[in-house]
Amino acid sequence: MKRTGAEDLGDFYPIRPDCQADTPKPRFKPRAGKTLSERRWNAAFSEDGHLDIEKVLRRIQRGGVHPAIKGSVWEFVLGCFDPNSTYEERNQLRQCRREQYIRWKAECQHMVPVIGSGKLITTPIITDAGQPVIDSAINSCFSDKRSIQWMLALHQIGLDVVRTDRALAFYESEKNQAKLWDILAIYAWVDNDISYVQGMNDICSPMVILLENEADAFWCFERAMRRLRENFRCSASSMGVQTQLSTLSQVIKTVDPKLHQHLEDLDGGEYLFAFRMLMVLFRREFSFVDSLYLWELMWAMEYNPNIFSLYEKPIAESDKSAASMLNNKLLKQCGKFERNKVKTGCKDQQSALAVFLVASVLEAKNKRILKEAKGLDDVVQILSDITGNMDARKVCKEALKIHKKYLSKIIVGFGTQTLSFARPGQKGDFGILGDLKLQFVIISYKGFYRPQINPTYNDEEEPEMQIGFPTDVKHVAHIGWDGPSVNSPSWVNVILLSLFGIMDKNSSLISHLKLVVMDIEKLRDAKEEGSAKWASEGSNRKGSQAPNSPAGAPSSPVGSHSSPTRDLPELPKSSRRRSSSGTSAESPSREKTDKPKQSRRSSRNGTKELDGTRTSRNHKDPCGESESPSNLPDIPKKSRRKKSKDASVEGSTSRSRSKAPAQEGGGESEMITKSSNSNEQRQNRGSSPSRDVEESGLSGIS
Amino acid sequence: MEMPRRALLKVIVLGDSGVGKTSLMNQYVYKKFSQQYKATIGADFVTKEVQIDAKLVTLQIWDTAGQERFQSLGSAFYRGADCCVLVYDVNIQKSFEILNNWHKEFVKQADPVDPEAFPFILFGNKIDVDGGSSRVVSEKTAREWCASRGDIPYFETSAKEGYNVHEAFLCVAKMALAGEHEQEHDIYFPGISETVSEVEQRGGCAC
């Protein structure tokens with residue numbers, strides 16, 4: 001079935017006629033060439049079922065997922081399945097999970113027969129003391145604490161289920177309500193530590209709609225809860241979500257101190273007004289369709305290729321971050337948000353993208369809050385105006401910017417954070433930074449995290465992420481530095497020495513690191529002059545920071561030692577863009593991207609449709625083209641490469657395509673190189689620190 | 001037009017999940033009843049202007065989540081409250097029994113200057129259900145409980161039919177106003193903007 005841009009989503013999630021007036025109109029529309037379509041999704045599987053997750057994530061992050069396939073896509077982005085598995089393996093796993101679910105359900109049914117009966121309960125069946133309210137409702141053999149606790153939650157679940165998404169025609173059916181109730185009840189039994197807390201119904205409801213099989217919906221919900229369950233943990237004195245709220249507080253304090261101060265003045269430093277946004281992931285601020293869109297954007301951006309194996313472990317162990325042990329290839333399979341996190345070694349579980357989404361909402365309302373809010377109730381009022389009025393993608397984009405800004409500042413702020421940043425992978429690999437082929441470390445005033453890590457990142461139109469052709473890997477760790485610390489840069493040494501420690505096994509980087517160390521020495525000298533803006537770079541790129549120096553071109557990078565060979569096998573995967581990397585001198589952007597798409601489309605006419613949402617996907621995908629060598633010429637990825645080319649022409653400033661040119665100029669072109677003549681330059685810079693400060697002021701979110 | 005400075009009265013509505021807290025508030029403020037209300041997460045509020053005698057006041061009515069597990073948030077939301085409305089469902093015994101708990105938690109977390117004198121009020125909601133035949137908590141039982149708590153006022157209501165809702169909230173406003181500490185509010189809310197600007201005219205309160 002062919003679907004184009006302007007179809008009516010009402011067909012997928014019909015609203016009850018009597019509720020249409022009160023329901024916000026969805027803003028999300030599948031967009032041709034941007035949204036992950038059914039055809040493209042099917043084409044992303046190889047013959048035996050391996051999924052090109054990198055490609056899929058790129059799509060999702062650009063335009064979400066078409067409703068026809070949401071269910072199956074969600075299973076992957078939430079980590080139910082390993083993209084690197086076959087149809088066969090996944091079918092087995094699915095079968096296994098379905099059986100497990102049936103066993104759990106049978107246990108529950110044995111205790112409370114109404115489970116699985118197509119009905120649900122909304123009044124208590126048991127007293128707090130464990131006495132049955134209605135004898136027939138429960139099997140009174142079960143009087144242990146866990147069973148009683150569970151039974152006490154059942155009517156609460158019921159009360160919420162009958163109030164969940166009632167505007168959707170789907171929940172007019174009592175059977176569907178009962179399905180939601182069963183899943184939540186069984187989850188509460190299995191995860192008895194968390195049990196059931198109001199709000200989980202809002203998280204679970206979409207899964208029930210998107211995945212027809214109840215067990216599949218359960219597992220999808222269970223995976224989503226892996227990220228969210230800590231928010232629902234309740235104690236006598238606090239709720240889990242308050243941890244995220246305090247992270248939010250930290251974030252706002254860091255990126256927008258003025259706003260934070262204002263909120264504190266209103267006695268809102270706890271950020272409780274954001275409670276609901278985090279608990280139910282914006283379900284109440286967005287229409288149904290738009291919250292699904294927001295979620296898939298979020299999950300794609302947070303995607304980490306380790307997620308599947310991590311979640312296969314018991315819950316207790318999976319609390320650990322997935323950040324460690326990602327090599328370069330896997331890094332490309334991370335979502336945008338996760339990648340930034342991993343790169344900076346930020347393992348803080350609480351800094352979920354959702355926190356930054358709230359931050360971006362607050363920033364969007366920044367002026368009004370500062371001007372109009374005379375009390376916390378005004379803040380609540382101002383924030384309630386966003387309901388139905390926000391664009392999910394925009395919010396995500398802003399959230400990523402804030403995240404970058406935040407990362408840049410905390411890395412500066414805390415020496416210990418910096419250390420963990422520097423030592424991410426301990427098991428004998430070179431760590432993330434090593435794998436990134438760290439080219440240079442820039443320390444600048446006013447620590448701004450410029451978009452060098454991926455030059456395409458901040459573009460208005462945000463071309464697809466094309467992380468690197470092996471030869472132009474150009475990752476740059478950029479460490480910001482706030483002005484005041486200039487007088488005590490000892491931690492800088494610590495960072496750099498730590499970097500050295502990580503990479504000491506990477507002999508090809510040794511020489512370049514020696515130079516870094518030399519720079520530390522120079523930095524010590526320089527600090528007397530009050531300036532410490534400099535950069536160190538790979539040995540073969542000396543002087544590249546000087547404007548106009550071709551050495552800035554990425555094509556001869558430090559990382560090159562590591563190999564075209566190593567990365568070569570990945571090539572086919574990326575194959576979307578057709579023009580070869582060498583020729584594209586200008587603008588690889590969207591139009592270009594879209595073209596190959598067209599041609600592929602036609603070539604795929606024969607593709608069998610998979611009704612991914614509703615069925616298991618064991619049919620073989622006849623179009624495993626993406627894996628086929630014939631695509632090699634397509635390869636591309638060159639958006640980076642080409643940017644790099646630009647860089648070589650234009651000098652270092654082109655490396656970062658931020659929207660704020662002034663800032664960029666202030667950053668890059670002012671950098672002092674670590675070449676032999678750099679000392680001299682440094683001295684020059686040293687004399688104008690204040691200018692640097694001004695120029696590298698905050699961008700973006702204000 | 002220059003508006004006179006108005007007192008802002010903060011009212012907290014507490015009670016078990018599903019007893020109709022959100023419905024009561026919306027019936028009072030918007031004169032609407034809907035079957036589509038969702039469970040309240042955290043807390044939310046609506047405001048309404050009320051004229052009491054010669055004085056114009058703004059009621060800021062805070063709706064809270066009913067699940068007990070959210071109680072730890074209380075201290076943050078209850079702060080500065082002028083009146084506490086307790087709600088139960090006359091058809092559900094447990095929602096009545098748990099009132100003691102809500103009462104106690106409020107006193108503990110809001111920490112009012114004089115807990116004995118702090119204005120509480122009780123609403124018995126959903127009296128319309130099945131024409132009253134599924135009722136399990138009698139009016140007498142409820143009034144006895146109120147008497148044991150220092151004679152707190154009691155109203156039987158139906159949010160669905162709008163029965164007694166205005167009267168009940170008017171009493172809330174009077175009680176809140178009577179115990180209000182003016183300075184506290186005038187500092188923070190010098191001229192609050194209201195979402196609902198209907199002026200309540202009626203007087204007379206059962207309490």
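Buried here means under 20% relative accessible area, exposed means over 50%, and partly exposed is whatever falls in between (1.4 Å probe, protein chains only). The structure is a predicted model, in which local features need pLDDT of at least 70 and side-chain atom pairs count only at pLDDT 80 or more, while totals for chains, interfaces and linings use all residues. Residues are numbered from 1 along each chain as its sequence is written, chains are lettered from A and ligands numbered from 1 in the order in which they are written, and side-chain values use heavy atoms, with hydrogens and water left out.

The model scores ipTM 0.87 and pTM 0.68.

Chain A has 31 helices and three strands; both are DSSP runs numbered from the N terminus, helices being H or I with at least four residues and strands E with at least two. Of its 702 residues, 64% count as buried. Among contacts in chain A between residues at least 6 apart in sequence, 78% join residues at least 24 apart. A:Ser360 gives a local view: this residue sits in helix α17 (residues 353–364) of chain A and counts as buried because its relative accessibility is 5%. Leaving aside residues up to four places away in sequence, A:Ser360 touches A:Val395, A:Glu398, A:Ala399 and A:Ile402.

Salt bridges come next, each one a side-chain nitrogen of Lys or Arg within 4 Å of a carboxyl oxygen of Asp or Glu. Over all chains, the structure holds 36 of them. In one, A:Asp216 pairs with A:Arg94, with the closest N and O atoms 2.9 Å apart. This pair links distant parts of the chain, running from helix α8 (residues 214–228) to helix α4 (residues 87–111) of chain A, 122 residues apart. Both A:Asp216 and A:Arg94 are buried.

A:Arg284 and A:Asp202 also meet through their side chains in a salt bridge (2.9 Å, N to O). A:Arg284 lies in the loop between α11 and α12 (288–301) of chain A and A:Asp202 in helix α7 (residues 200–210), so the pair ties together parts 82 residues apart in sequence. A:Arg284 counts as buried at 15% relative accessibility, and A:Asp202 is buried too, with a relative accessible area of 2%.

Helix α8 of chain A turns up again with A:Arg223, whose partner A:Glu312 lies in helix α13 (residues 307–312), so this pair bridges 89 residues of sequence. The N to O distance in the salt bridge is 2.6 Å. A:Arg223 is buried, with a relative accessible area of 2%, whereas A:Glu312 is partly exposed at 39%. Shared partners join A:Arg97, A:Glu222, A:Arg223, A:Arg226 and A:Glu312 into one salt-bridge network.

Now for the interface. The size of an interface is often given as the accessible area lost when the parts come together. The area buried between chain A and chain B (accessible area, 1.4 Å probe, that the two lose on being put together, summed over both) is about 3,000 Å², with carbon and sulfur atoms giving 54%. On the chain A side, A:Arg163, A:Gln198 and A:Asp377 lose the most area to chain B, together 21% of what that side buries. In terms of contacts, 45 residues of chain A meet 30 residues of chain B.

The rule finds five salt bridges across this interface. B:Arg79 and A:Asp267 are joined by a salt bridge between their side chains (2.8 Å, N to O). α5 (145–161), α11 (275–279) and α19 (376–384) of chain A each supply at least two residues of the side that touches chain B, and α5(A) gives the most, with five residues.

Most residues other than glycine have a negative phi. A:Asp267 has a positive phi, near 70 degrees; this residue is found in the loop between α10 (257–265) and α11 of chain A and is partly exposed, with a relative accessible area of 41%. A:Asp165 likewise has a positive phi, near 45 degrees. A:Asp165 is found in the loop between α5 and α6 (174–190) of chain A and is buried, with a relative accessible area of 4%.

Technical notes:
Contact = heavy atoms within 4.5 Å.
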